[in-house]
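Open the model in your viewer and get ready to select residues. Follow the stops in order.

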Amino acid sequence: MIADSFIQELKTYCDVESVISSYVKLSRKGKNLVGLCPFHSEKSPSFFVYPQTQSFYCFGCGAGGDIITFLKKIENIEYIEAVKLLAQRAGVPLPEEAADDNRARMKARVLEINRETARFYHQCLVSPQGAEAYHYLIQRGRTPKIIRRFGLGYSPNNWDTVMNHLRGKGFQDHELEASGIGVRAKSGSLYDRFRGRVIFPIIDLRGNVVGFGGRALEDRGPKYLNSGDTMVFKKSKNLFALNFAKATKSEQLILAEGYMDVIAIHQAGFDNAVATLGTSLTEEQARLISQYTDTVVIAYDSDGAGQAATKRAINIFSEVGVKVSILSIPGAKDPDEFLQKYGPQRFQMLLEGCANALEFEIGKIKAKYNIQTPDGKVSYLKEFAKLMAGIHNPLEREVYISEAAQSLGVAAEAINAQVGALLKKEQRSANKKEQNDTNIYIGDMAAGRGDLQRKKYLKYAIAEERIIGVLLKNPDYLPVLLERIRPEEFVTDVNREIITLITGRIQAGRPAEPMALSESLSPEGMARVSGILANAPAARSTREELEDYINILQEFYKTKTEKDVAQMDSSQLREYIQSLKDKKK
């Protein structure tokens with residue numbers, strides 16, 4: 001456990017605004033700040049940062065907590081690692097007792113294994129045993145300089161060469177298995193995951209080797225093999241070469257399909273290319289990209305799979321507010337081949353002339369129909385109108401409609417009427433959905449939407465949360481609360497966990513603000529605390545208000561049905577009977 005005094009010291013150096021603004025673009029809204037949530041896709045900002053309480057809360061998805069909670073969630077790290085990250089940021093030495101954490105130690109060991117493995121793979125590549133792999137890379141147009149820059153390597157085509165090397169460096173088998181480099185066979189022994197492959201190290205934004213991609217040199221097994229998810233690596237949350245691209249002076253990033261495309265683009269002098277890791281673009285990767293740019297050029301392969309992936313990526317980027325342009329690659333199947341055929345200058349011309357995502361979609365629709373015939377023209381315009389209805393900017397919509405009307409020889413008013421009808425239909429659906437959501441979640445908050453117990457006892461849950469909110473702002477009211485009701489009498493589990501922790505800390509003379517609670521509370525508990533503070537009345541609560549909330553909560557024990565009583569276990573029944581006796585006194 002980390003001392004309260006150290007957490008309080010961190011708080012003075014690392015305020016919530018400065019930490020979160022390094023990940024999320026924030027704008028001021030009164031005394032608070034608001035931005036697009038980094039934890040779910042949204043077009044309208046619902047993510048709030050509260051400097052007064054040093055907390056954050058998203059009214060859309062319910063994510064919330066303190067600075068430490070935020071770092072845990074966005075960096076996919078544990079509590080102790082988040083504290084270390086803050087300490088490094090503040091330039092404050094970490095107490096010795098804080099460094100003793102089993103999971104954190106294992107993560108550190110896995111990162112050491114990955115770094116040593118990457119070094120070993122590279123040494124193998126430039127040694128005689130890696131001659132075939134090195135020749136393959138040179139044949140593909142990669143230079144020795146770019147091979148060194150990306151730390152490319154070769155994994156020998158043996159079952160245990162890498163395992164034995166790592167054991168010789170002092171690593172244990174359970175650590176090798178945790179890293180994902182060693183795979184446990186049915187016999188119980190470990191074997192190398194990557195064998196006979198060109199290796200591409202995957203490096204995170206802090207310079208850690210977190211995983212590997214491997215390209216087979218022989219026609220057996222999968223052509224590309226990637227690290228599985230480990231305690232330091234998750235494919236859906238990482239991008240290849242973002243560690244380089246994040247420092248680019250370009251205002252946009254290029255999203256390519258694979259390792260070789262990205263390396264070829266970087267070798268040609270464009271340092272802003274990244275790639276997904278053997279998977280289609282994910283929402284997490286799109287949100288990660290949105291932290292570095294608001295414009296992306298998609299440079300996927302020109303085959304059918306690449307075009308389908310492009311369409312999917314356009315939709316995902318749209319959800320996170322990133323503008324998309326589509327790179328057309330004539331005369332080549334991918335950027336790598338184009339660069340080898342035509343060179344960097346022609347590639348730059350492609351980048352400057354690439355179409356935006358909307359023009360790409362219009363072109364795909366037009367290609368489906370023969371617009372020289374009346375039937376084809378009508379079919380095209382119907383699908384075109386649906387596309388236009390999805391454009392939120394009316395000026396942009398008007399420009400494309402006017403252009404389509406002129407090129408097809410139809411009245412712009414006719415297209416506008418069709419689009420208008422679709423917009424009205426969409427608005428009716430949205431209004432109905434909003435009304436349904438309001439009916440479901442009336443009096444609710446995002447952080448509690450998945451809590452069935454809270455929904456069942458909504459009236460009492462809200463009273464509990466008001467009590468928690470009052471106590472967080474007025475710790476001196478604790479005696480008033482304990483005179484009337486005990487923490488174990490709270491109806492809902494999450495709120496009971498929170499009030500028990502807060503009560504214990506106040507009684508022990510310890511701080512009870514969000515940053516002091518994050519070590520002990522679950523992520524759900526921290527989100528609930530943040531939601532309570534975000535939804536709490538701005539004014540200081542009075543003791544009379546606290547009494548009112550307690551009265552509501554005590555009604556729970558007065559309104560028990562026979563069914564409720566029948567479902568109680570023995571301890572709950574004893575508490576219930578005792579509470580009835582107490583009320584009669």
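Is Lys425 buried or exposed? Select Lys425: Lys425 is exposed, with a relative accessible area of 54%. Buried means under 20% relative accessible area, exposed over 50%, and partly exposed in between, with a 1.4 Å probe and protein chains only.

This is a predicted model: local features need pLDDT of at least 70, side-chain atom pairs count only at pLDDT 80 or more, and totals for chains, interfaces and linings use all residues. Residues are numbered from 1 along each chain as its sequence is written, and side-chain values use heavy atoms, leaving out hydrogens and water.

**Helix stop**

Lys425 lies in helix α18. Helices (H or I, at least four residues) and strands (E, at least two) are DSSP runs, numbered from the N terminus.

**Strand stop**

Now select β10, residues 209–216. This strand is mostly covered: 8 of its 8 residues are buried. Two strands pair if DSSP finds at least two bridges between them. Find Ile202; opposite stands Gly211 in β10. β9 and β10 form a hairpin with 5 residues between them. Click Gly207 in the turn: its phi is positive, about 85°.

Then show β11, residues 224–226. β11 is antiparallel to β10, with 3 bridges. Tyr224 in β11 is the bridge partner of Arg215.

**Sheet stop**

Select the open sheet of 5 strands, in the order β1-β2-β3-β4-β5, with antiparallel pairing. Its edge strands are β1 (27–29) and β5 (64–65), each pairing on one side only. β1 meets β2 (residues 32–35) over 3 antiparallel bridges. End at Ser27, which stands opposite Val34 in β2.
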